[in-house]
Amino acid sequence: MKASTERKIIRWIHILFSIPIVGFIYGPVAELPEAANAVRFLFFPAIVLSGLWLWKGAWIKKHLLN
């Protein structure tokens with residue numbers, strides 16, 4: 001996979017998984033236990049990991065994976 005394609009996929013994952021965070025903050029998602037747990041334990045860690053990969057992915061590939 002080309003680096004630009006990988007970056008686009010990870011960027012879209014980052015953007016799409018951030019939508020439930022907005023619902024958690026501004027909407028009634030925080031009052032629904034199942035939805036709140038999904039945001040806390042699925043979406044938020046995915047956003048953090050994808051953001052770190054977008055930020056330091058090249059460094060990780062260069063230093064840790066080779």
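1. Leu49 is exposed, because its relative accessibility is 59%. Here buried means under 20% relative accessible area, exposed means over 50%, and partly exposed lies in between (1.4 Å probe, protein chains only). Leu49 sits in helix α2, residues 33-63. Helices (H or I, at least four residues) and strands (E, at least two) are DSSP runs, numbered from the N terminus.

2. A note on the source. This is a predicted model, in which local features need pLDDT of at least 70, side-chain atom pairs count only at pLDDT 80 or more, and totals for chains, interfaces and linings use all residues. Residues are numbered from 1 along each chain as its sequence is written, and side-chain values use heavy atoms, with hydrogens and water left out.

3. Leu49 also belongs to a nonpolar surface patch. Phe44, Val48, Leu49, Leu52 and Trp55 make this patch, of about 550 Å². Patch residues have over 30% relative accessible area and no salt bridge; like charges are joined within 9 Å, and nonpolar side chains (Val, Leu, Ile, Met, Phe, Trp, Tyr) within 5 Å. Areas come from the Shrake-Rupley method with a 1.4 Å probe, and for residues only the protein chains shown count as cover.

4. Now the overall form. The chain has two helices and zero strands. Its radius of gyration is 14 Å, well over the 11 Å that the globule rule gives for 66 residues, so the chain is more spread out than a compact globule. That radius is taken over C-alpha atoms, and the rule is 2.2 Å times the number of residues to the power 0.38. Along the principal axes, the C-alpha atoms fill a box of roughly 45 × 20 × 15 Å.

5. Of the 66 residues, 15% count as buried. The chain exposes about 5300 Å², and carbon and sulfur atoms supply 71% of that area.

6. What makes up the largest nonpolar core? Five residues do: Ile21, Val29, Val39, Phe43 and Ile47. Helix α2 gives the largest share of this core, three residues. Such a core is a set of buried Ala, Val, Leu, Ile, Met, Phe, Trp, Tyr and Cys residues joined through side-chain atoms within 4.5 Å. Not counting residues up to four places away in sequence, Ile21 touches Val39, Phe44 and Ile47.

7. Contact means heavy atoms within 4.5 Å. Among contacts between residues at least 6 apart in sequence, 47% join residues at least 24 apart. Ser50, in helix α2, is buried, because its relative accessibility is 8%. Leaving aside neighbours within four places in sequence, Ser50 is in contact with Ile10 and His14.

8. The whole structure holds one salt bridge. The side chains of Lys61 and Glu6 meet in a salt bridge at 2.6 Å, N to O. The pair links distant parts of the chain: Lys61 lies in helix α2 and Glu6 in helix α1 (residues 3-26), 55 residues apart. The term means a side-chain nitrogen of Lys or Arg within 4 Å of a carboxyl oxygen of Asp or Glu. Lys61 is partly exposed at 34% relative accessibility, whereas Glu6 is buried at 19%.

9. Thr5 lies in helix α1 and is partly exposed, with a relative accessible area of 35%. The C-alpha atoms of Thr5 and Ile15, ten residues apart along the chain, are separated by 15 Å. Phe41, in helix α2, is exposed at 63% relative accessibility. The C-alpha atoms of Phe41 and Lys8, 33 residues apart along the chain, are separated by 24 Å.
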